[in-house]
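Look at the sequence and the structure together. The paragraphs after them go from one part to the next.

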Amino acid sequence: MKDVNQKKTLYASVSPDDPAAGRETLVQASLILRAGGTVVFPTETVYGLGANALDPEAAARIYAAKGRPADNPLIVHIAEPYEADALCVCPPMYARLARAFMPGPLTVIMPAKPCVPKTVTAGLSTVAVRCPAHPVAHALLLEAGVPVAAPSANLSGSPSPTCFRHVKEDMDGRVDMIIDGGECDFGVESTIVKIEDDGSLLLLRPGAVTLEDLKSFGADVTVAPAVLGALKEGETVLSPGMKYRHYAPKAPLYLLDGTLEKRRKFLAEQKARIAYLAYAEEAEQFESLSLALYSLGEEKDTKGQAKCLFRLLRDVDKENYDVIYAPLPPMDGLGMALYNRMIRAAAHQIIKL
Ligand code: TXA
Ligand code: MG
C-alpha cells in the first residue's frame, strides 16, 4: 500500500434509491476493505471513512488519512444489530435499544471483546457500535462481510462532511476509494450512549435520536457534563472525542444568547467584517446591516438547521471574515445536537445579550 497521502483515489457513485444498480462498485469497495484499504461511504448522518475493523493495520490507516490523534477511538459499523455480539459483551439493554432505534443514527458503547484491535478502541476496554440505516452503507456492509470502523470522513479539525464535495476537499489522495451517495439526511453525527453496569444510559453525544426519544423509550438517561458545558481543568473525559475542538472555523465564532431584537442591536453596533448564521426570520430584517448572512433556515426547523450546519461552517471558513456570530440554539430535541456542535465550534464563547 502506497504512502497514505499520495494515493490514486477511485471515485464512484451509488444511488441510495437503487443500491442494487451499484453492485459492481460495492463489490470493488468490499474487496478494497477486505484487502486492508480505506473507503469513504455515505451514511444517514455524515460520510464515514471506513476500514476493516478486525484488521489493526487497516484501522491505523484511518488515523493517518484523517490526521487523527491516536487516543480517539473509532465507531464500528455493522450490517445488522446482532453482529454486535461478536465484538462486545452485549447487556440486555442493547437488544432493547436495537429494537427501538436500529438501524439508525444511534451508537452504543459496550465492553469490547478481545477480537477488537487496540487501534480501534484506542486502548479503551469498551467499543462503540452502530448499525447505519443508509441504503448504500447497509449494502456495502453486507457485501464486505466484515465490521467496518469509520469515523467521520473529514480531516481532523474540520467539520464532518455531509456531501461528496466536502469529502473530496478533505480526502482526495488520502483514501483508496470514495463512494458518492448524495447528501446525508441528518447532517450531524449519530447519538452516542454508553450502557452502564446497571443498565442506565450515559449520553455522550446528542444526535438525531434525541434525549426525549431515549426517555420516552423508557431508559434512565444521564447527560454527560461535557455535552453542554466546557470541560473543567482536570475533569475526566468519558469520550476522548469530547476534548478536541472538532469543528473550528478559522475566525472566532461567538454564540448570541438573547432575543431577535437584542441580536439585531448587537450586530448593528459591530464594526468588523462579520459573517452571521441567521434564521430565515432574521435574514430579511438584518439585510440592511453590514454583514454577510448565511441562512440556517427557519428558527423552529432544527432538522433543517442540523442538515446545513456543517456546510455553512465550511462555506464561511472559505471567506476571511474577522468574526462569525450565530444565535445560541435551544437545548431541547434536535436543538441539543446543534447546541453541542456549536458551543464546541465556538470554543464555548457565548455572549449574553
Ligand atoms: O454518525 C456517526 O457516528 C459517524 C458516521 C460515519 O457513522 N461517525 C462518527 O465517528 O461521527 P467519529 O469518529 O467522528 O466520532 C466518534 C466519537 C468520537 O468522539 C470518539 O471519541 C467516540 O465516538 N468514541 C468511540 N469509541 C468510544 C468508546 N469506546 N468510548 C467512548 N467514546 C468513544
Ligand atoms: Mg468526527
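The text below takes up a helix, the nonpolar cores, a threonine, the cysteines and the aromatic rings.

This is a predicted model, in which local features need pLDDT of at least 70, side-chain atom pairs count only at pLDDT 80 or more, and totals for chains, interfaces and linings use all residues. Residues are numbered from 1 along each chain as its sequence is written, chains are lettered from A and ligands numbered from 1 in the order in which they are written, and side-chain values use heavy atoms, with hydrogens and water left out.

Start with helix 6, residues 164-171. Helices (H or I, at least four residues) and strands (E, at least two) are DSSP runs, numbered from the N terminus. Which residues of helix 6 are buried? They are His166, Val167, Asp170 and Met171. Buried stands for under 20% relative accessible area, exposed for over 50%, and partly exposed for what is in between (1.4 Å probe, protein chains only). Viewed down the axis of helix 6, the buried residues fall within an arc of 100 degrees, so they line one face of the helix. The arc is taken from the directions that run from the helix axis to the C-beta atoms. These buried residues pack against strand 2 (39-41), strand 3 (48-52), helix 2 (56-66), strand 8 (177-180) and helix 10 (302-318). After helix 6 comes Gly173, which has a positive phi, near 80 degrees.

Next come the nonpolar cores. A nonpolar core is a set of buried Ala, Val, Leu, Ile, Met, Phe, Trp, Tyr and Cys residues joined through side-chain atoms within 4.5 Å. The largest has 56 residues, and Val40 is one of those that touch the most other members. Leaving aside neighbours within four places in sequence, Val40 is in contact (heavy atoms within 4.5 Å) with residues including Val167 and Met171. Apart from this core lies another, of 30 residues, among them Tyr247, Ala306, Leu309 and Ala326.

Thr9 is found in the segment before strand 1 (10-13). Is Thr9 buried or exposed? Thr9 has a relative accessible area of 5%, so this residue is buried. Polar contacts are pairs of N or O atoms within 3.5 Å; within protein, one must be able to donate a hydrogen and the other to accept it, and residues adjacent in sequence count only if both atoms are side-chain atoms. The side chain of Thr9 reaches the backbone nitrogen of Gly173 at 2.8 Å. A polar atom of that side chain also lies 2.8 Å from the backbone oxygen of Val175.

Now the cysteines. The structure holds zero disulfides, a disulfide being a pair of cysteine sulfur atoms within 2.5 Å. For Cys131, the closest cysteine sulfur is in Cys90, at 12 Å, too far for a bond. Cys131 is buried, at 1% relative accessible area.

Last are the aromatic rings. Rings of Phe, Tyr and Trp (its six-membered ring) pair if their centres lie within 6.5 Å; planes under 30 degrees apart count as stacked, over 60 as edge-to-face and the rest as tilted. The count comes to six aromatic pairs. In one of them, Tyr11 and Phe164 have ring centres 5.8 Å apart and planes at 85 degrees, so the pair is edge-to-face. Because Tyr11 lies in strand 1 and Phe164 in helix 6, the pair ties together parts that are 153 residues apart in sequence. Ring pairs also link Tyr254, Phe266 and Tyr325 into a cluster.
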